[in-house]
Amino acid sequence: MSTLATTGDAPAAPAARAVPAAERPSAHLLFLLAVAGLGVAGYAAVIFAAGLRGYAPSLMFAMRDLAIFVPVFGVFFWLARSQKYRGTMTLFTAALLLFTVGMVVQYRLFRDPEYNVSNLSRRREAREAKAQFVRYFNVRTAYDDEKKKVMFGSTVMPEEPPGRDLPVAERTLWDLVTSVNTYIPFAALLAFCVAFRFFKSDNFLDWLQRRALILAVVTLLPFAVIVLAFSSEGKFLGQTTPWEPVKILFLVSFAAMLADAYRHLGRTRWGVPPLRFALPFAVVAALPVVPFFALSDFGQMLVFFGVYAALYAIAVRKKVQIAYAFAATLAIGALLYGVVGLPGRVNLRFHLWLHTWEAPAEDAAWWAPRLARLREQYGFAVSNEDAWYDQSAQLAQGLFGISDGGLLGTGLGLGYPEIVPVSDSDFIYAAAAEELGLLGGGMLLLATAAIVLAGTRIAIGARDMFTKLVAAGLTGFIGFQALVNVGGVIRLLPMTGITLPFVSHGGWSLITSFAMLGILMAIAHRNAAPQPAAPG
Amino acid sequence: MFFPFTLSLVFTCGLILIAALLALMAWRSRNPREAIPEDLPVDPAYYGPAQTNRWLRFLRLGFVLALMGALVLHGYWIYGAPGTAEYELIAARDQRERRLASAGLRGWVFDRTGSADRALVRYRLDNTNIVRHYTLGEAAVNVTGYSDFIYGSAGIERAYDELLSEPASISNALVSPAPVGKDVQVTIDAELQRHAYTLLKGKRGAAVVLAVPSGEVLAMASSPSFDPSIVNDENAWKTLKTQAQDAPEISPLTDRALKTYYLPGSTFKVLVTIAALESGMGGQKFTCSGGGYFAPNSRQQILDDSGGGHGQIGLADALRVSCNQYFAQMGGALGTVRLAEVARRLGIETERSNRARDAEFWRYAQADRDDFVAAFAPPPARVVLPGGFGKDFQPYDLAIESFGQGPNQMTIIQLARIAAAVAGPDGRLAKPRLEADIPESEAPEAQAVQVCSAETAAAVREMMRAVVDSGTAAGAFASLRGRISAGGKTGTAQRIVTVYDPRTGKPKVVKNRDGEERVVREESIDALFIGFAPYENPQIAFAMIVENGGHGGTAAAPIAVGIIQKAAELGIVTAPQTARPPARPEGRPAGRPAARPATRPAQGAR
């Protein structure tokens, strides 16, 4: 077991470097104020646009959402004053910006009565009401008297444009108090603080590293039970995914094990590490993937694999092993493909990705049963093309939205992201890109890049292998997830149904993301502590 | 729209914030501090910070590149993809267009008067909903078309789709989420169109009325028809569509005025007459005997409807009594080359071609070409007139073609154009158009074609007047006599058509002795009429057909009479000075139409 350096017993610590001006908390306070200002502008844009499109978004809920900035500033001062935070604030600011964009886009979607009703006929009603509202507006403002006279018999417009106040799911004060969405952002900030507080402590890190294996097993068991017993279609008790936070635990335990074993794993003969170390390590490392496989959450698996591989590469750095891994992956993949064939779902995703617009052959082995099921569902023999059109609608409509958005976007509330199913979560990038344009998309991607750059910087500056790997792993987690999500929406990668961290709607994933942020910042804080002299 | 959009732009300024953050980070990383792991192993050269961090940096670079790649691909969907063939093919699936259109107000379609209360397509209040309304309903659906996102669109809705949804004003586009579209004015006269359809209702047939000499389509009716609002009724629409596939001959979706081939029957004799006069053969007399006429190398008898012969007969009389034998012989005497020349000038194809639609048929300025062609391009009218005789074109074929039977394929609008060619004051024929206010163009394809000399045109008019006064259409035109003079030509064409079961709408089938099913076909006698009015100063030319209506003079000519009367009521047709009742004050220049600016020389009475 390695020993962790503690700042206390550092011999002859050099004087702490002066904090650069721009990294002073006051500068970031300005950034955070700017983010809050942007949030207010975004909400105002949505509310104005809604007025033009014929529905009234709730001001109360806008206030509720914006109220999150109060604890945000609270956390900021807590960090700066109470915790004497020394690391970078960039992470926090960038994450807050992502979160604000997500909040605004979600507000825009969920206040839209067409998006926020589940019943199909109500949705149509809402759509028609919105259309009629705009028609009334147009007639009132753009038609001359002659046309009005022909339409209404007089130049006076009939009074009431119909359906102005269409109900959405959440509208009353009671809804606000009982809505879980009211509390999730607060819970996320709390998770951030707790994670920061714990991971700041050397004792905790030490404890964590020592019990990595037990930790993984203890996490895995109940998780697997829950997943196998209660979940349906990757969701638990309706729409929640309470296993999101266990990702952190898996990652931390993997990092701990790797930090423990990397020297042995690096001692190789023909590229093969001593089996005594390698085998248990491989088994334990592969375990977390099992439940995600059971959930058929391939996106999550992909992210796990990617992060694990990256961490291994960073710690062990054997090119020949990478080549082996590559070859083994290919071989296993080819073997699976040859023997079992790709699962239908994976085939579907790949076809969607590569041939979005073309229906697969009607008798393709993976498509035929799906098509038969769809036909049964529809109750009539829908044509192959139409069935495929339905399957690809989400991706296709998302792309059309991105395309229509252009550089500047249609403006918040003025596009049609409500067409795209789940555009509050998996497809939130498409929704943002439609209404905020390439600039909005760039904002999300650059903010993610900022988190990744800052996160890697933290990993580079880490004082020991464990924290280095944790920092790199968490950064990779956030970054990969963003890449896989955005890539799926714009056809860079197959679609996987993974959320965009900090942006997407989703309780547990948001809480998890903020907790990751807290850990990263705790490590940053440790890094910036006065450093012991380098040996040698 | 302007305000929230600006706010959204402000929101996007978060980009600047991020850029500032990144710049700050870059500035901070000028001299990175590489922490040395305290748990450094035995081999610092290999496990030292520089080595470990190299991999971290490498992965970071890869990751940032991937993110930028995503941004580039995002840009591709905006700037690269639209315009590629693959994308254009599926762009119609973008439901946003549908939402925009369903929320916005497409432009109105005005008739030739341009007044809002006669608009062909407009909006009206249905309970509290503002809905698109086709004021003429089924009477003009072949012109106005319909518009539906699932079932597509047709007619003007299709042809002028872009214009109708193009923002009409900048101020409106700035404030409205779905702007008001531009209005379109067409040459159709709403009242005349409605009346033409009324005259056809209950029959299967079509009528086209063109303004002379401008080529403006004043009315274009097709019956049976359907109400455009049926598109909203899924089942009814599907039934219609199925019928259109199974039984196009009786389907209301078939556009009989523009897109259906008919045999021209004797109306084709007008074309032969033009060719005869242009060739200086107007004085030619032929014998029409009771025993019939035999074309060279042919044993098939060509007879007249009346049964008996007309004896020795001249061109004018032959046209008046519609003598088949005369025109069979005249066609032979003229030969294919002369006939083909006149046909070509009229816009009729004379060679076999694979063109399914005549994309150059119309003149238009504001419509998108593809859309207009998809909506209105008719199949090209055809008459088979090869350079010489051969195995598949014998003198007999030429003979029967010359009186409108045989392999002729004519659309009703093309027949109306034949009438319009002779009705024009100088033998010139303009391209037909539906769009009002097309600017004059110097382009050769926009120019009118000289079909025949002014003298020929006048002579043919004279002969066609005789048809109406004392020929095959005299009975039908009796009611007009003394009020409005006209000229015309009847036609009666025999076709073999499929018989449909009136109950099921499917082709009627009989079984023969061997149990094989055979579709029943029977002869249909189509009644046709083409003509112009008034005689002294033609202002309209028209063609109409009543399928299986019997003789052209009794079934089709009365429709022409009805149309002329209505046109006179509407002021589209104004009788010249001399034909006016004496009670009316005099003094207006003869032949000047009241409803339209006189852009052509007045055609004086004689």
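How much area is buried between chain A and chain B, and what share of it do carbon and sulfur atoms give? Keep that in mind as you open this predicted model and colour the two chains separately.

**Stop 1: the whole interface.** Select chain A and chain B together. About 10200 Å² is buried between them, and carbon and sulfur atoms give 70% of that area. Now show the residues in contact: chain A brings 126 residues and chain B brings 94 residues.

**Stop 2: polar links across the interface.** Next, look for the charged pairs. Between chain A and chain B there are two salt bridges. To see a salt bridge, select E434(A) and R96(B), whose side chains meet at 2.7 Å, N to O. If you widen the view to polar contacts, 19 residue pairs across the interface of chain A and chain B qualify, with both residues at pLDDT 80 or more.

**Stop 3: helix α19 of chain A.** Select residues 428-460 of chain A. This is helix α19, which gives the most to the side of chain A that touches chain B, with 24 residues.

**Stop 4: a nonpolar surface patch.** Switch to a surface view of chain A and select W270(A), V272(A), L275(A), L279(A), V320(A) and Y324(A). Together they make a nonpolar patch of about 660 Å². Which elements give two or more residues to this patch? They are α12 (275-286) and α15 (319-339) of chain A. Y324(A), for instance, is found in helix α15.

**Stop 5: backbone details.** Most residues other than glycine have a negative phi, and most peptide bonds are trans. With that in mind, here are some exceptions to visit.

- Select V212(B) and P213(B): a cis peptide bond joins them, with omega about 0 degrees. P213(B) sits in the loop between β7 (205-211) and β8 (217-223) of chain B.
- Move on to S223(B) and P224(B), where the peptide bond is also cis, with omega near 0 degrees. P224(B) lies in the loop between β8 and α12 (234-246) of chain B.
- Finish at V422(A), a residue other than glycine with a positive phi, near 40 degrees. Look for V422(A) in the loop between α18 (384-405) and α19 of chain A.

Conventions: Residues numbered from 1 in each chain as written. Chains lettered and ligands numbered in written order. Heavy atoms only, no water. Contact = heavy atoms within 4.5 Å. Buried area = accessible area lost by both parts, 1.4 Å probe. Salt bridge = Lys/Arg side-chain N within 4 Å of Asp/Glu carboxyl O. Polar contact = N/O pair within 3.5 Å; in protein donor to acceptor, adjacent residues only side chain to side chain. Helix = DSSP H or I, 4+ residues; strand = E, 2+ residues; numbered from the N terminus. Patch = residues over 30% accessible without salt bridge, like charges linked within 9 Å, V, L, I, M, F, W, Y side chains within 5 Å. Areas by Shrake-Rupley, 256 points an atom, 1.4 Å probe, with all protein chains shown as cover.
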